[in-house]
Amino acid sequence: MADAPQQPHAPHGPHLPGPHDALTDVVGLRVGHAERTSGGYLTGTTVVLAPEGGAVAAVDVRGGGPGTRETDALDPRNLVQRVEAVVLTGGSAFGLDAVSGVMAWLEEHRRGFRVGADPAQVVPIVPAAALFDLGRGGDWRARPDAALGRVAVEAAAHSDPRSPVAQGNTGAGTGAVAGGLKGGVGTASAVLDSGVTVAALAAVNSAGDLADPDTGALYGRLAGGPAAFPSPEVHAAAQRRLAETRDLSRARAAASLRPPLNTTLAVVATDAALGRARTHKLAGVAHDGLARAVRPVHLLSDGDTVFALSTSTRPLAPEEPLADPVFGVHAEAGALNEILAAGADVLMRAVVKAALAAETVDGPGGCFPSYRDLYGG
(Lines give C-alpha, C1' and ligand atoms only; values in the text may rest on other atoms or scores of the structure.)
Protein backbone atom coordinates (compact mmCIF):
# COMPACT_ATOMS: atom_id res chain seq x y z
CA MET A 1 0.00 0.00 0.00
CA ALA A 2 1.30 3.45 -0.92
CA ASP A 3 0.63 6.85 0.56
CA ALA A 4 -1.03 9.36 -1.73
CA PRO A 5 1.55 10.67 -4.21
CA GLN A 6 1.98 14.35 -4.90
CA GLN A 7 -0.59 15.64 -7.33
CA PRO A 8 0.64 14.52 -10.78
CA HIS A 9 -0.70 17.52 -12.68
CA ALA A 10 -3.17 20.35 -12.25
CA PRO A 11 -6.85 19.53 -12.67
CA HIS A 12 -8.40 20.49 -16.00
CA GLY A 13 -9.97 23.92 -15.75
CA PRO A 14 -9.64 26.34 -12.84
CA HIS A 15 -10.76 23.97 -10.10
CA LEU A 16 -8.46 23.18 -7.19
CA PRO A 17 -8.60 19.84 -5.35
CA GLY A 18 -10.17 19.45 -1.94
CA PRO A 19 -8.11 19.12 1.27
CA HIS A 20 -7.03 15.54 0.56
CA ASP A 21 -7.65 15.35 -3.21
CA ALA A 22 -9.78 12.32 -2.37
CA LEU A 23 -13.33 10.96 -2.40
CA THR A 24 -13.63 11.79 1.30
CA ASP A 25 -13.53 15.50 0.43
CA VAL A 26 -17.25 14.99 -0.21
CA VAL A 27 -18.44 15.48 3.36
CA GLY A 28 -20.10 12.40 4.82
CA LEU A 29 -18.39 9.77 2.67
CA ARG A 30 -15.90 7.38 4.25
CA VAL A 31 -13.66 4.81 2.57
CA GLY A 32 -12.41 1.52 4.00
CA HIS A 33 -10.02 -0.99 2.46
CA ALA A 34 -9.25 -4.60 3.32
CA GLU A 35 -6.90 -6.95 1.51
CA ARG A 36 -5.13 -10.31 1.70
CA THR A 37 -1.67 -10.68 0.20
CA SER A 38 -0.26 -13.97 1.50
CA GLY A 39 -1.05 -17.67 1.23
CA GLY A 40 -1.90 -17.41 -2.47
CA TYR A 41 -4.02 -14.26 -2.05
CA LEU A 42 -3.57 -11.01 -3.93
CA THR A 43 -6.98 -9.43 -3.70
CA GLY A 44 -9.11 -7.09 -1.64
CA THR A 45 -12.27 -5.09 -1.13
CA THR A 46 -13.06 -1.38 -0.87
CA VAL A 47 -16.20 0.02 0.76
CA VAL A 48 -17.53 3.54 0.23
CA LEU A 49 -19.78 4.19 3.23
CA ALA A 50 -22.48 6.86 2.89
CA PRO A 51 -23.61 9.05 5.79
CA GLU A 52 -26.44 7.66 7.90
CA GLY A 53 -29.64 7.96 5.90
CA GLY A 54 -27.75 7.06 2.74
CA ALA A 55 -26.92 8.84 -0.50
CA VAL A 56 -28.71 9.10 -3.83
CA ALA A 57 -27.04 6.56 -6.12
CA ALA A 58 -26.82 5.59 -9.78
CA VAL A 59 -24.66 3.39 -11.98
CA ASP A 60 -23.49 3.22 -15.59
CA VAL A 61 -22.06 -0.11 -16.79
CA ARG A 62 -20.22 0.00 -20.14
CA GLY A 63 -17.83 -2.92 -20.08
CA GLY A 64 -18.77 -6.13 -21.88
CA GLY A 65 -18.10 -8.48 -18.96
CA PRO A 66 -19.46 -6.93 -15.77
CA GLY A 67 -19.86 -8.65 -12.42
CA THR A 68 -22.37 -6.65 -10.40
CA ARG A 69 -24.94 -6.82 -7.61
CA GLU A 70 -28.02 -4.66 -6.87
CA THR A 71 -27.42 -2.41 -9.87
CA ASP A 72 -31.05 -2.80 -11.01
CA ALA A 73 -32.14 -1.23 -7.71
CA LEU A 74 -30.47 2.00 -8.86
CA ASP A 75 -32.81 2.45 -11.83
CA PRO A 76 -34.57 5.80 -11.23
CA ARG A 77 -37.91 4.10 -11.88
CA ASN A 78 -37.49 1.74 -8.93
CA LEU A 79 -38.39 1.98 -5.25
CA VAL A 80 -35.27 2.50 -3.16
CA GLN A 81 -34.01 6.08 -3.37
CA ARG A 82 -30.82 5.95 -1.30
CA VAL A 83 -28.08 3.44 -0.52
CA GLU A 84 -25.91 3.07 2.57
CA ALA A 85 -22.75 1.80 0.87
CA VAL A 86 -21.11 0.83 -2.40
CA VAL A 87 -18.66 -2.08 -2.62
CA LEU A 88 -15.80 -2.48 -5.10
CA THR A 89 -14.11 -5.85 -4.85
CA GLY A 90 -11.65 -8.24 -6.41
CA GLY A 91 -12.40 -11.90 -6.97
CA SER A 92 -14.60 -11.57 -10.05
CA ALA A 93 -18.17 -12.77 -9.44
CA PHE A 94 -16.96 -14.89 -6.50
CA GLY A 95 -15.75 -11.73 -4.75
CA LEU A 96 -19.29 -10.37 -4.54
CA ASP A 97 -19.57 -12.56 -1.43
CA ALA A 98 -17.85 -9.64 0.33
CA VAL A 99 -21.13 -7.72 0.12
CA SER A 100 -22.74 -10.13 2.61
CA GLY A 101 -20.33 -8.98 5.30
CA VAL A 102 -21.11 -5.34 4.56
CA MET A 103 -24.87 -6.00 4.68
CA ALA A 104 -24.55 -7.81 8.01
CA TRP A 105 -22.69 -4.89 9.55
CA LEU A 106 -25.26 -2.39 8.25
CA GLU A 107 -28.14 -4.50 9.55
CA GLU A 108 -26.53 -4.64 12.99
CA HIS A 109 -26.38 -0.84 12.95
CA ARG A 110 -30.01 -0.58 11.73
CA ARG A 111 -28.98 1.03 8.48
CA GLY A 112 -30.92 0.15 5.36
CA PHE A 113 -34.32 0.27 3.72
CA ARG A 114 -36.96 0.09 6.44
CA VAL A 115 -39.42 -2.78 5.89
CA GLY A 116 -41.15 -3.12 9.27
CA ALA A 117 -42.33 -1.35 12.40
CA ASP A 118 -39.23 -2.40 14.32
CA PRO A 119 -36.26 -0.12 13.50
CA ALA A 120 -34.14 -3.27 13.30
CA GLN A 121 -36.22 -4.50 10.37
CA VAL A 122 -34.14 -3.12 7.52
CA VAL A 123 -32.78 -4.47 4.27
CA PRO A 124 -29.48 -2.77 3.39
CA ILE A 125 -29.25 -2.08 -0.34
CA VAL A 126 -25.56 -2.35 -1.22
CA PRO A 127 -24.71 -2.01 -4.92
CA ALA A 128 -21.42 -3.65 -5.82
CA ALA A 129 -19.14 -4.51 -8.70
CA ALA A 130 -16.22 -6.91 -8.99
CA LEU A 131 -13.00 -6.83 -10.99
CA PHE A 132 -11.07 -9.84 -12.26
CA ASP A 133 -7.91 -10.68 -10.29
CA LEU A 134 -8.32 -14.44 -9.90
CA GLY A 135 -5.07 -16.33 -9.49
CA ARG A 136 -2.80 -13.29 -9.39
CA GLY A 137 -1.56 -14.29 -5.96
CA GLY A 138 -0.99 -17.87 -7.07
CA ASP A 139 -4.18 -19.53 -5.76
CA TRP A 140 -7.21 -19.49 -8.05
CA ARG A 141 -9.57 -19.97 -5.08
CA ALA A 142 -8.16 -17.13 -2.98
CA ARG A 143 -10.98 -14.58 -3.16
CA PRO A 144 -12.68 -11.94 -1.00
CA ASP A 145 -15.45 -13.23 1.24
CA ALA A 146 -17.98 -11.90 3.73
CA ALA A 147 -15.34 -11.65 6.46
CA LEU A 148 -13.17 -9.39 4.29
CA GLY A 149 -16.18 -7.25 3.43
CA ARG A 150 -16.86 -6.74 7.13
CA VAL A 151 -13.25 -5.69 7.75
CA ALA A 152 -13.53 -3.13 4.94
CA VAL A 153 -16.81 -1.59 6.14
CA GLU A 154 -15.55 -1.46 9.72
CA ALA A 155 -12.41 0.31 8.48
CA ALA A 156 -14.62 2.86 6.75
CA ALA A 157 -16.87 3.32 9.80
CA HIS A 158 -13.92 3.80 12.14
CA SER A 159 -12.11 6.29 9.91
CA ASP A 160 -12.18 9.99 10.72
CA PRO A 161 -14.51 12.14 8.59
CA ARG A 162 -12.75 13.76 5.65
CA SER A 163 -9.61 11.67 6.26
CA PRO A 164 -7.06 10.81 3.54
CA VAL A 165 -7.65 7.69 1.45
CA ALA A 166 -4.95 5.06 0.98
CA GLN A 167 -4.00 4.49 -2.65
CA GLY A 168 -2.06 1.97 -4.70
CA ASN A 169 -1.94 -1.72 -3.76
CA THR A 170 -4.83 -1.68 -1.35
CA GLY A 171 -8.47 -2.72 -1.18
CA ALA A 172 -10.00 -3.59 -4.53
CA GLY A 173 -6.76 -2.52 -6.22
CA THR A 174 -4.59 -5.07 -4.43
CA GLY A 175 -4.50 -7.55 -7.32
CA ALA A 176 -5.30 -5.07 -10.08
CA VAL A 177 -3.30 -5.03 -13.32
CA ALA A 178 -3.66 -2.39 -16.04
CA GLY A 179 -2.35 -3.16 -19.51
CA GLY A 180 0.50 -5.22 -18.05
CA LEU A 181 1.39 -2.60 -15.43
CA LYS A 182 0.45 -2.96 -11.78
CA GLY A 183 -2.89 -1.26 -11.25
CA GLY A 184 -4.41 -0.10 -8.01
CA VAL A 185 -6.64 2.39 -6.25
CA GLY A 186 -6.50 6.11 -6.96
CA THR A 187 -8.65 9.03 -5.86
CA ALA A 188 -9.02 12.74 -6.69
CA SER A 189 -11.34 15.68 -6.04
CA ALA A 190 -12.18 19.17 -7.27
CA VAL A 191 -13.88 22.11 -5.55
CA LEU A 192 -15.92 24.20 -7.99
CA ASP A 193 -16.35 27.97 -7.83
CA SER A 194 -19.82 27.38 -6.41
CA GLY A 195 -18.31 25.51 -3.46
CA VAL A 196 -19.62 22.18 -4.70
CA THR A 197 -17.16 19.27 -4.36
CA VAL A 198 -16.86 16.53 -6.98
CA ALA A 199 -14.60 13.54 -6.33
CA ALA A 200 -13.78 10.08 -7.61
CA LEU A 201 -12.19 6.83 -6.49
CA ALA A 202 -11.10 4.20 -9.01
CA ALA A 203 -9.84 0.63 -8.80
CA VAL A 204 -7.86 0.44 -12.04
CA ASN A 205 -7.67 -3.03 -13.58
CA SER A 206 -7.89 -2.53 -17.33
CA ALA A 207 -7.25 -4.61 -20.42
CA GLY A 208 -6.31 -1.34 -22.12
CA ASP A 209 -3.09 0.59 -21.52
CA LEU A 210 -2.54 3.48 -19.13
CA ALA A 211 0.61 4.62 -20.95
CA ASP A 212 1.24 5.51 -24.58
CA PRO A 213 3.41 2.67 -25.97
CA ASP A 214 5.24 5.13 -28.24
CA THR A 215 6.32 7.57 -25.52
CA GLY A 216 5.63 6.05 -22.11
CA ALA A 217 3.49 9.05 -21.11
CA LEU A 218 0.40 8.25 -19.08
CA TYR A 219 -2.62 8.98 -21.25
CA GLY A 220 -4.25 10.85 -18.40
CA ARG A 221 -1.26 13.24 -18.21
CA LEU A 222 -0.97 14.18 -21.88
CA ALA A 223 -2.43 17.60 -21.10
CA GLY A 224 0.34 18.15 -18.55
CA GLY A 225 2.92 19.45 -21.04
CA PRO A 226 6.47 18.26 -21.79
CA ALA A 227 7.12 17.09 -18.22
CA ALA A 228 4.61 14.29 -18.76
CA PHE A 229 6.88 12.59 -21.33
CA PRO A 230 9.78 10.35 -20.21
CA SER A 231 13.06 10.62 -22.10
CA PRO A 232 13.47 8.25 -25.09
CA GLU A 233 16.22 6.36 -23.22
CA VAL A 234 14.05 5.81 -20.13
CA HIS A 235 11.15 4.74 -22.33
CA ALA A 236 13.27 2.23 -24.29
CA ALA A 237 14.59 0.67 -21.07
CA ALA A 238 11.08 0.51 -19.63
CA GLN A 239 9.74 -1.24 -22.73
CA ARG A 240 12.50 -3.87 -22.58
CA ARG A 241 11.79 -4.59 -18.91
CA LEU A 242 8.04 -4.66 -19.49
CA ALA A 243 8.46 -7.20 -22.30
CA GLU A 244 10.58 -9.39 -20.03
CA THR A 245 8.08 -9.29 -17.18
CA ARG A 246 5.19 -10.04 -19.52
CA ASP A 247 7.02 -13.12 -20.77
CA LEU A 248 7.65 -14.18 -17.17
CA SER A 249 4.01 -13.67 -16.20
CA ARG A 250 2.82 -15.65 -19.21
CA ALA A 251 5.12 -18.53 -18.29
CA ARG A 252 3.87 -18.59 -14.69
CA ALA A 253 0.24 -18.40 -15.79
CA ALA A 254 0.50 -20.95 -18.60
CA ALA A 255 -0.61 -23.87 -16.46
CA SER A 256 -3.88 -22.19 -15.53
CA LEU A 257 -4.48 -20.64 -18.98
CA ARG A 258 -5.85 -17.49 -17.38
CA PRO A 259 -7.60 -15.26 -19.90
CA PRO A 260 -6.92 -11.49 -20.04
CA LEU A 261 -10.05 -10.49 -18.13
CA ASN A 262 -10.05 -7.17 -16.31
CA THR A 263 -12.50 -4.35 -15.28
CA THR A 264 -12.01 -0.86 -13.91
CA LEU A 265 -14.43 0.17 -11.17
CA ALA A 266 -15.13 3.68 -9.92
CA VAL A 267 -17.27 5.78 -7.60
CA VAL A 268 -17.85 9.44 -8.50
CA ALA A 269 -19.54 11.60 -5.88
CA THR A 270 -20.71 15.12 -5.19
CA ASP A 271 -22.28 17.04 -2.33
CA ALA A 272 -24.60 18.84 -4.78
CA ALA A 273 -28.28 17.97 -4.53
CA LEU A 274 -28.94 15.73 -7.52
CA GLY A 275 -31.96 13.53 -8.15
CA ARG A 276 -31.72 9.96 -9.39
CA ALA A 277 -31.75 10.89 -13.09
CA ARG A 278 -29.08 13.57 -12.76
CA THR A 279 -26.94 11.30 -10.61
CA HIS A 280 -27.19 8.73 -13.40
CA LYS A 281 -26.05 11.37 -15.88
CA LEU A 282 -22.99 12.02 -13.66
CA ALA A 283 -22.09 8.31 -13.76
CA GLY A 284 -22.37 8.30 -17.55
CA VAL A 285 -20.30 11.42 -18.23
CA ALA A 286 -17.63 10.26 -15.77
CA HIS A 287 -16.89 7.41 -18.18
CA ASP A 288 -15.41 10.08 -20.47
CA GLY A 289 -12.63 10.54 -17.93
CA LEU A 290 -12.00 6.81 -17.95
CA ALA A 291 -11.77 6.88 -21.74
CA ARG A 292 -9.15 9.65 -21.60
CA ALA A 293 -6.94 7.69 -19.21
CA VAL A 294 -7.30 4.10 -20.50
CA ARG A 295 -6.99 3.06 -24.15
CA PRO A 296 -8.83 1.08 -25.36
CA VAL A 297 -11.65 0.98 -22.83
CA HIS A 298 -15.09 -0.69 -22.42
CA LEU A 299 -13.98 -3.88 -24.17
CA LEU A 300 -15.74 -7.25 -24.03
CA SER A 301 -13.06 -8.46 -21.63
CA ASP A 302 -13.66 -5.49 -19.30
CA GLY A 303 -16.61 -4.90 -16.99
CA ASP A 304 -16.06 -1.16 -16.59
CA THR A 305 -18.59 0.19 -14.08
CA VAL A 306 -19.01 3.68 -12.62
CA PHE A 307 -21.24 4.37 -9.61
CA ALA A 308 -22.32 7.92 -8.78
CA LEU A 309 -23.38 9.25 -5.37
CA SER A 310 -24.99 12.51 -4.29
CA THR A 311 -24.99 13.38 -0.59
CA SER A 312 -27.29 16.35 -1.38
CA THR A 313 -25.89 18.71 1.24
CA ARG A 314 -25.53 21.69 -1.14
CA PRO A 315 -28.03 23.19 -3.58
CA LEU A 316 -27.31 22.51 -7.24
CA ALA A 317 -27.51 26.22 -8.12
CA PRO A 318 -27.99 29.48 -6.20
CA GLU A 319 -31.58 29.96 -5.17
CA GLU A 320 -31.97 33.62 -6.23
CA PRO A 321 -31.91 33.15 -10.03
CA LEU A 322 -34.39 30.28 -9.76
CA ALA A 323 -37.15 32.79 -9.01
CA ASP A 324 -37.10 33.53 -12.74
CA PRO A 325 -38.42 30.28 -14.28
CA VAL A 326 -36.59 30.76 -17.59
CA PHE A 327 -33.26 31.87 -16.18
CA GLY A 328 -33.57 29.30 -13.41
CA VAL A 329 -33.67 26.41 -15.86
CA HIS A 330 -30.50 27.60 -17.57
CA ALA A 331 -28.77 28.28 -14.25
CA GLU A 332 -29.48 24.71 -13.13
CA ALA A 333 -28.29 23.30 -16.46
CA GLY A 334 -25.08 25.31 -16.27
CA ALA A 335 -24.42 24.22 -12.70
CA LEU A 336 -25.05 20.59 -13.61
CA ASN A 337 -22.79 20.81 -16.65
CA GLU A 338 -19.94 22.05 -14.46
CA ILE A 339 -20.42 19.07 -12.12
CA LEU A 340 -20.58 16.63 -15.03
CA ALA A 341 -17.36 17.98 -16.56
CA ALA A 342 -15.61 17.86 -13.20
CA GLY A 343 -16.75 14.24 -12.73
CA ALA A 344 -14.91 13.22 -15.90
CA ASP A 345 -11.82 15.20 -14.89
CA VAL A 346 -11.53 13.79 -11.37
CA LEU A 347 -12.00 10.22 -12.59
CA MET A 348 -9.22 10.73 -15.16
CA ARG A 349 -6.93 12.04 -12.42
CA ALA A 350 -7.89 9.18 -10.09
CA VAL A 351 -6.69 6.72 -12.73
CA VAL A 352 -3.38 8.61 -13.08
CA LYS A 353 -2.90 8.65 -9.32
CA ALA A 354 -3.61 4.91 -9.15
CA ALA A 355 -0.86 4.30 -11.71
CA LEU A 356 1.60 6.48 -9.79
CA ALA A 357 0.77 4.98 -6.39
CA ALA A 358 0.91 1.32 -7.45
CA GLU A 359 3.89 -0.80 -6.40
CA THR A 360 5.51 -3.68 -8.29
CA VAL A 361 4.33 -7.20 -7.41
CA ASP A 362 6.48 -10.22 -8.27
CA GLY A 363 4.97 -13.46 -7.05
CA PRO A 364 3.74 -16.92 -8.02
CA GLY A 365 0.78 -15.46 -9.93
CA GLY A 366 2.93 -13.23 -12.13
CA CYS A 367 5.27 -10.25 -12.26
CA PHE A 368 3.47 -6.93 -12.55
CA PRO A 369 5.84 -3.93 -12.64
CA SER A 370 4.64 -0.51 -11.52
CA TYR A 371 4.81 2.59 -13.67
CA ARG A 372 7.07 4.25 -11.09
CA ASP A 373 9.55 1.35 -11.21
CA LEU A 374 9.67 1.57 -15.00
CA TYR A 375 9.70 5.34 -15.42
CA GLY A 376 10.44 6.90 -12.04
CA GLY A 377 8.17 9.13 -10.01
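Helices (H or I, at least four residues) and strands (E, at least two) are DSSP runs, numbered from the N terminus. The model is predicted: local features need pLDDT of at least 70 and side-chain atom pairs count only at pLDDT 80 or more, while totals for chains, interfaces and linings use all residues. Residues are numbered from 1 along each chain as its sequence is written, and side-chain values use heavy atoms, with hydrogens and water left out.

**Exercise 1. Overall description**

Task: State how many helices and strands the chain has, and what share of its residues counts as buried.

Solution. Step 1: the chain has six helices and 17 strands. Step 2: buried means under 20% relative accessible area, exposed over 50%, and partly exposed in between (1.4 Å probe, protein chains only). By this criterion, 55% of the 377 residues are buried. Step 3: a contact means heavy atoms within 4.5 Å. Of the contacts between residues at least 6 apart in sequence, 78% join residues at least 24 apart.

**Exercise 2. The sheet of six strands**

Task: Give the order of the strands in the six-stranded open sheet and identify which strands stand at its edges.

Solution. Step 1: strands of a sheet pair through backbone hydrogen bonds, either parallel or antiparallel. Two strands are counted as paired if DSSP finds at least two bridges between them. Step 2: the order is β5-β3-β15-β14-β13-β12, with mixed pairing. Step 3: β5 (82-83) and β12 (184-191) each have a single partner strand, so one side of each lacks a neighbour in the sheet.

Step 1: the individual pairings may now be followed. β3 pairs with β5 in the antiparallel sense over two bridges, and Val56 stands opposite Arg82 in β5. β3 also pairs with β15, again antiparallel, over six bridges; here Val61 has Thr305 of β15 as its bridge partner. β12 and β13 (residues 197-204) are antiparallel over eight bridges, and Thr187 has Leu201 in β13 as its bridge partner.

Step 2: six of the seven residues of β3 are buried. Helix α4 (residues 276-293) lies across β3 (55-61), β14 (265-272) and β15 (305-314), and runs at about 40° to β3. For such angles, axes are lines fitted to C-alpha atoms, for helices over the stretch in contact, and the angles run from 0 to 180 degrees between N-to-C directions.

**Exercise 3. The sheet of five strands**

Task: Determine the strand order of the five-stranded open sheet and name the helices that pack on it.

Solution. Step 1: the order is β1-β2-β6-β9-β4, and the pairing is mixed. Step 2: β1 (30-36) and β4 are the edge strands, each pairing on one side only. The twist from one strand to the next averages 15°. Step 3: β4 and β9 (residues 128-130) are antiparallel over three bridges, with Thr68 opposite Ala129 in β9. Step 4: helix α1 (residues 98-108) packs on the sheet, touching β2 (43-49), β4, β6 (85-89) and β9, and its direction makes about 155° with that of β6. Helix α2 (residues 146-157) also packs on the sheet, touching β1 and β2, and its direction makes about 145° with that of β1.

**Exercise 4. Salt bridges**

Solution. Step 1: a salt bridge is a side-chain nitrogen of Lys or Arg within 4 Å of a carboxyl oxygen of Asp or Glu. The structure holds eleven salt bridges. Step 2: in the pair of Arg349 and Asp21, the closest N and O atoms are 3.0 Å apart. Salt bridges link Asp21, Arg349 and Lys353 in a network.

Step 1: for comparison, Arg36 and Asp145 meet in a salt bridge (3.1 Å, N to O). Arg36 lies in strand β1 and Asp145 in the loop between β9 and α2, so the pair ties together parts that are 109 residues apart in sequence. Arg36 is partly exposed, at 23% relative accessible area, and Asp145 is partly exposed at 27%.
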